[in-house]
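Q: I would like to learn how to read the features of a structural model, one at a time. Could we go through the example shown here?

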Amino acid sequence: MATRKLRAFKNWMKSQHVECSDALDVVVTTNSSAVSVRALCDLNVGDLVATIPKESCLTVKTSGARQMIEESELEGILALAVVIMYERSLGPLSPWFGYLQLIPYSEPIPLLWSLSQIDSLLAGTELHKIVKDDKALIYEDWKECIEPLLTSVSLQLKAEHFGVKEYLAAKSLIASRSFEIDDYHGCGMVPLADLYMCCLNY
C-alpha cells in the first residue's frame, strides 16, 4: 500500500514539475509504512536538493477553496486548515490528491489527545493547561468560522469532511509540516519539502 502511494506521489511530482535531486531518494522505510528521504551521498551547505514550483504548493491562493475562504474573510492558519479539509473532501478529484494521499491523516501532537489523555499524561506540567486551553480555543474557532460554512446552501460542503476532528487533524499537519512561502501565498503545504522536515522531526 505504502509503495503504491509513493509511486503515485512520484508521478504527481512529475506532473507538477517538482524535481528532487539525484543525491536524494524518497523511500518507504523498512518495516514501516512511513515515507522518508534518504541521502545517497554527502551533501554540502548550499547544494540544491529540490525544485518546487510555488503553484504546486497547497495554499489559499492555489486551492479551489480560495473564493470561499476570501469571501468568508478567513486568514492565516485557520484558512489553510480549511484548504486542507476542502482538498481532502474532493478525494481523487483534488489536484493535490497525489500528495495528500501520501501524508498521514494527522500528526500525533497533544492537541489531538482526548481530555482524559491530556489529564493523565500532562498533569503537573506547564503543557497541561496550555493544551486544554488551546483545544477549547480551536473548538471556538471551528464553531465561529467553519461551522457557518456548512450551513451555506450555495457552498454545499459535506459536514463529514469539515468537522472538529477534521479541523484538528488539518491543524496538526500545519503545525508539523507547513512553511511560510512568501508574502503572496503566506503559509502553505510544500510537497516533498515537508518530507525532509518530518525526517528531522522524527
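Q: Where is the place of Ser94?
A: Before the case itself, note that this is a predicted model, in which local features need pLDDT of at least 70 and side-chain atom pairs count only at pLDDT 80 or more, whereas totals for chains, interfaces and linings use all residues. Residues are numbered from 1 along each chain as its sequence is written, and side-chain values use heavy atoms, with hydrogens and water left out. Secondary structure is read from DSSP runs numbered from the N terminus, helices being H or I runs of at least four residues and strands being E runs of at least two. On that reading, Ser94 sits in the loop between helix 3 (76-89) and helix 4.

Q: Is Ser94 buried or exposed?
A: The classes rest on relative accessible area, where buried means under 20%, exposed means over 50%, and partly exposed covers what lies in between (1.4 Å probe, protein chains only). Ser94 has a relative accessible area of 5%, and therefore counts as buried.

Q: Which residues is Ser94 in contact with, leaving aside its neighbours within four places in sequence?
A: Contact means heavy atoms within 4.5 Å, and with those neighbours left aside Ser94 is in contact with Glu87 and Leu100. A polar contact is a pair of N or O atoms within 3.5 Å; within protein, one must be able to donate a hydrogen and the other to accept it, and residues adjacent in sequence count only if both atoms are side-chain atoms. The side chains of Ser94 and Glu87 make such a polar contact, at 2.6 Å.

Q: What does the secondary structure of the chain come to?
A: The chain has eight helices and six strands, and from the N terminus on its elements follow the order α-β-β-β-β-α-α-α-α-α-α-β-β-α.

Q: How many aromatic pairs are there?
A: A pair of aromatic rings is described by the distance of the centres and the angle of the planes. Rings of Phe, Tyr and Trp (its six-membered ring) pair if their centres lie within 6.5 Å, and planes under 30 degrees apart count as stacked, over 60 as edge-to-face and the rest as tilted. The count by this rule is four aromatic pairs. For Phe9 and Tyr99 the ring centres are 6.5 Å apart and the planes stand at 40 degrees, so this pair is tilted. It links distant parts of the chain, since Phe9 belongs to helix 1 (residues 2-15) and Tyr99 to helix 4 (residues 97-100), 90 residues apart. Both Phe9 and Tyr99 are buried, and Phe9, Trp12 and Tyr99 form one aromatic cluster.

Q: How many salt bridges does the count come to?
A: Side chains of opposite charge can pair when their charged atoms come close. The rule for a salt bridge asks for a side-chain nitrogen of Lys or Arg within 4 Å of a carboxyl oxygen of Asp or Glu, and the count comes to ten salt bridges. One of them joins Asp25 and Arg38, whose closest N and O atoms are 3.3 Å apart. Asp25 lies in strand 2 (residues 24-28) and Arg38 in strand 3 (residues 35-39), so the pair ties together parts that are 13 residues apart in sequence. Asp25 is partly exposed at 23% relative accessibility, and Arg38 is partly exposed as well, with a relative accessible area of 44%.

Q: How far apart are the closest N and O atoms of Lys129 and Asp133?
A: Their closest N and O atoms are 2.6 Å apart, in a salt bridge. Because Lys129 and Asp133 are four residues apart in helix 6 (residues 126-150), about one helical turn separates them. Lys129 counts as exposed at 58% relative accessibility, whereas Asp133 counts as partly exposed at 34%. Elsewhere, salt bridges that share partners join Lys10, Asp25 and Arg38 into one network.

Q: In which helix is Met85 found, and which residues is Met85 in contact with beyond its neighbours within four places in sequence?
A: Met85 is in helix 3 and is buried, with a relative accessible area of 2%. With those neighbours left aside, the residues in contact with Met85 include Ile146, His161, Phe162 and Tyr167. The C-alpha atoms of Met85 and Lys158 are separated by 10 Å, although these residues are 73 residues apart along the chain.
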